[in-house]
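Hi,

Here is the structure I said I'd pass on. Have a look at it first, then read my notes below.

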Amino acid sequence: MHDKILRLSLFNLKKNKREVLGIIFMTMVTVLMLSVVLINQKKIDTAFDESFTRSGCVRQGVLFKADKYRTAFANILREGYGIEKVNEGCLIYSSMVDVLGRDGETVAYNLMFATEKTERKMEDFRKIEHLPKEEIVEIEHPIWLPEGFRIKKGYDVGDAFVILKNGKEYPFLIAGFYEAGLMSNDGYSHKVILSDEDYALFAMLFDSSKDYECYGLFFDGEEIDFDRYLEDCNEVASENLSFTTHYHCYRWEKLNETSFLEIFMMMIIGISAVTLIASLFMIRHKISGDIEDQMQQIGVLEALGYRSVEISLSYLYEYVIAGGLGSVLGAVIACLITPFVNAGITVMLGRRVDGDGGITGAVIAAATVLLLVVLFALLKARQVKNYPPVVALRKGIRTHHFGKNICPLDKMHGNINLGLAMKGFFGNLKASWGILICIITAGTAIMFSALTYDFSRNGAYGFAATMGTDWDLLMVYTLSDSDIDAFRKELTTLPQVRKAIKGFNGEHVSVKGSSDSAEVISFGDFADSENIHPYEGRLPQYDNEVMIGLRRSRAENIKVGDSIVLEYNGLEKTYIVSGIVGTIQNGGTVVYLTNDGYKRLNIFAAENVVKVYPAEGVSISELQAVIDAHFGGTARQAAKGGANGQSMEEKIRAAAQEKIAAMLNQYGVTDVDYAVQVGDELITGNSRNFVIKEFFSYEGIIKTQMVPIAETTKKFCFYALILVSGIVAVLITIITSNDVRRQRHALGIMKGLGYSSKDLMLQLALKYMPVILAGTVIATICGLWINNLFWGLLFASFTKVNIQTVVVTDIFLLIFCFAVAYLSAGRIRKISVTELMTE
Amino acid sequence: MASSILQTEKLCKSFSNGGSLQHVIKNLDLEIIEGDFTVIMGASGSGKSTLLYALSGMDKPTMGKIRFGEKEIQDYSNDELAIFRRGNCGFVFQSVYLLDNQTVLDNVLTGALIVQKNTPKLVKKAKELLKKVGIEEGLWKKYPNQLSGGEAQRVGIVRAIINDPKILFADEPTGQLNSASGKDVLDIFTEVHKNGQSIVLVTHDLKTALRGTRVLYLRDGGVVGDHRMPAFGEDDEKERRAHLTAFLEEMGW
């Protein structure tokens, strides 16, 4: 008996090759993606841990600005937190250090400079790849980089690593790479090891509010309550140290390094869920079709004494075979591609990932999917029991249609093909639910992928839009005695300048009750800002209003209308929260004040920055070059030297300018006059020749931190778009094919009446359009919601949705679904009306 | 003089049968005259239905020409044939082939709305025709499986003639009906023919063939007899029957 049932299954498999191939493909893709997640999820987790363990790194470190450090801080750790061993060492903290990239363009990294001595206080300084020792000793300025620079950024031993500071180049040669624990990521910083001499030079060079030498305490043990520890230190120091104190710990850095990959894994799970839902729906749809198609055979088998459960098994076998084949293929492919996935994860993580195919994960994925497929098929196949022999032999009671006549043709207006399509749609609404669910899930994935692709397609600039601050501009820092108003006015006369706004250098203030210091983003009038879009409330308008980041709002439960107290240099002021904004700037800790609002807190502050917005088509570097040329360069550039004057006077003036620039830049001198007597001639000059202190733009940091993310995301979304579109195509093809098979008789009659294949294909394609349209609308809403949720939850930021992208994606989805349905209904052409008449 | 509506020239139709070709229609030259009620008879396997499908554009000939008025249709694509059929031909099938999921009225309109767009006018016409063939209003909203065989076939006839086809093809239209229903259906055909409709009907039933004005006899894929009958009602039944029987006996019926 089982032989006969198995034969019926094999017959069905052979008869419906296209549908069976579809199910094999879908289960294969589902298992493949789930296997990739299951195999690699643990690897991501362990790769960081293993690398951390190999490095011998301590699990925590607190960095205090060197001149703020007190020996009591280490004692607090020992006595108050039970830390037995606290290592101590110095590092230079610097944010957004310009480095000459391998392609010659300037990039920026957050760097920590350390000597080997300090490095060994933190970890084992385990060298991975390096030049021969005899060569290293010959290097004038050697530098050791964390391994991530080799893996992620493509540097090699012996390469030049040129740091730019104050317009001067500091060339290093990469002596080698070492395995780093803490401080080896773009988010927090990269610790690089210098010689003692170079470190000493940099300690002098990097000395500003944003770059300074730190005294570090490094220790193992349970993660400390850093907020409490900082309060303890503040008490000892009798000042607020939060602006200049940094905490690094294993958990935070692991989260920072792995979160991006975790997001990818989540996205893969999302897509595999789409394929799984589509597969299960397809199976449901196909079994219904098969049962209806083979109703008389079922009746005959039942009449011969087969029980309904046995007949149901014939359908089950079909899916055990198709689903099993797909699952095995998916699992095998997942194991085979493991080395490539490992390589991908290594690059994304910046730490080595090895390991085998993780057969267990693949087996679990395959077994789970197969089990779901079989269970779903069995539940649907049990429908056979609803057809006793007599009913089955009469092709099921459902063919005796006594229901309401939906969309009667005598009430129809317009095209008959559309009318018949709508009749077909409304006459079988029940079957539309499955399609609706599939279109919603697949459409949501497509919409989300399209939106994510859209803002990553312009490289980093799409991502930069999530910064919650204006980024596509040049910040020009002016010297303190310069006439900033005149300077700004003159800037606006340049054709390359769209607008120029006065502002402040982003100082840090503290938020009372919070351990996070906050960088201030200020505008005279926020209406001038271009990339600050409140998620809730509005932009600050008055000097007692503040807008905060979404992450701070969530973490500290601050809402619009609440008041917060900001503190700067011992002065405290209360501000009303006017709005909340999504921003990734400084981890979402920034606060937004009007210029007047900032002056309430920092009463001596004077505007010292001009934010220059380039005209359309002008790049930041072009803008900088134009301003440089117009204003005769910056103090920074002058400090670099390079006088080419021929006359003695020119040489003297150039040398004097260079000296002045160095004093202005490095020693905080505000005003310098000089006079040099050469023979009878007195050569004089002063620092007022300089207006511009230095330039700053987000370009470098965007290139290093956002370009790789943008590129990876773009590729992922592109492939996800293709994959999900492929799934939609397979799904619609199978539904359509099944429909053509089921309606073969009616379609033959229609052909006999003079309906062409094109008419019938059009009818069939149009029949799905209401549900596809509804699915697309719901998918759009879901896609936008997930997009917001995704960026809001993970980055505490939001992307500005491009309405054009939404519309284009919707139109694409509708046209794509229609085209696939129309083309796959091409089977109608094979229906021969004569064959039907003579059967 | 009545003109020709359909002509064939060396018409051939072959089927592949296990690797060998089976020639069902062989070099057939035929002319169907406008306004005739042409009956095609012949033994089983003589090629009656195959000829009907080829003439009506339901199927493509293997060789030869089919001229419908001024148009030669033998090289039309399937879609062109469909468009040709909807504009020129009506069909009545032995198995009726009503669409199961559509009501009586919708079945009729499905055939009509593909040709004409004026729905109210068509609805009115459909209702008139349905009434005329004895399908009363109470049945218009019924589904095919709620109708008797005779009722279903009458609906099939209305569906076939609603577009005023130039020619009405029928393949054993009474083949599945009891004699009372069969007679009703044939009366409708006669009535339709009296109104000037050209009909080509395939049958092996003598009673059905009696309604024709011209009887063609097919054997081995060729017309071996072409007999003109007086119009139905002009002679009495017995005389017509004798007339036809003599012809058929001559053909070896």
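This is a predicted model: local features need pLDDT of at least 70, side-chain atom pairs count only at pLDDT 80 or more; totals for chains, interfaces and linings use all residues.

Residues are numbered from 1 along each chain as its sequence is written, while chains are lettered from A and ligands numbered from 1 in the order in which they are written.

Start with helix α12 of chain A, residues 338-349. (Helices are DSSP runs of H or I with at least four residues, strands are runs of E with at least two, and both are numbered from the N terminus.) Its buried residues are Thr338(A), Asn342(A), Ile345(A), Met348(A) and Leu349(A). They fall within an arc of 130° seen down the axis, so they line one face of the helix; the arc is taken from the directions from the helix axis to the C-beta atoms. On the other side, Pro339(A), Phe340(A) and Ala343(A) are exposed. Buried means 20 or more other C-beta atoms within 10 Å of the residue's own, exposed 12 or fewer, and partly exposed in between, with C-beta atoms placed from the backbone. After α12(A) comes Gly350(A), with a positive phi near 80°.

On confidence: pLDDT is the predictor's confidence in each residue, from 0 to 100. Chain A has a mean of 83, and 87% of its residues reach 70 or more.

Lastly, Met96(A) isn't a glycine, yet its phi is positive, near 50°. You'll find Met96(A) in strand β2 of chain A.

Cheers

Definitions and conventions
The expected span of a helix is 1.5 Å times one less than its number of residues.
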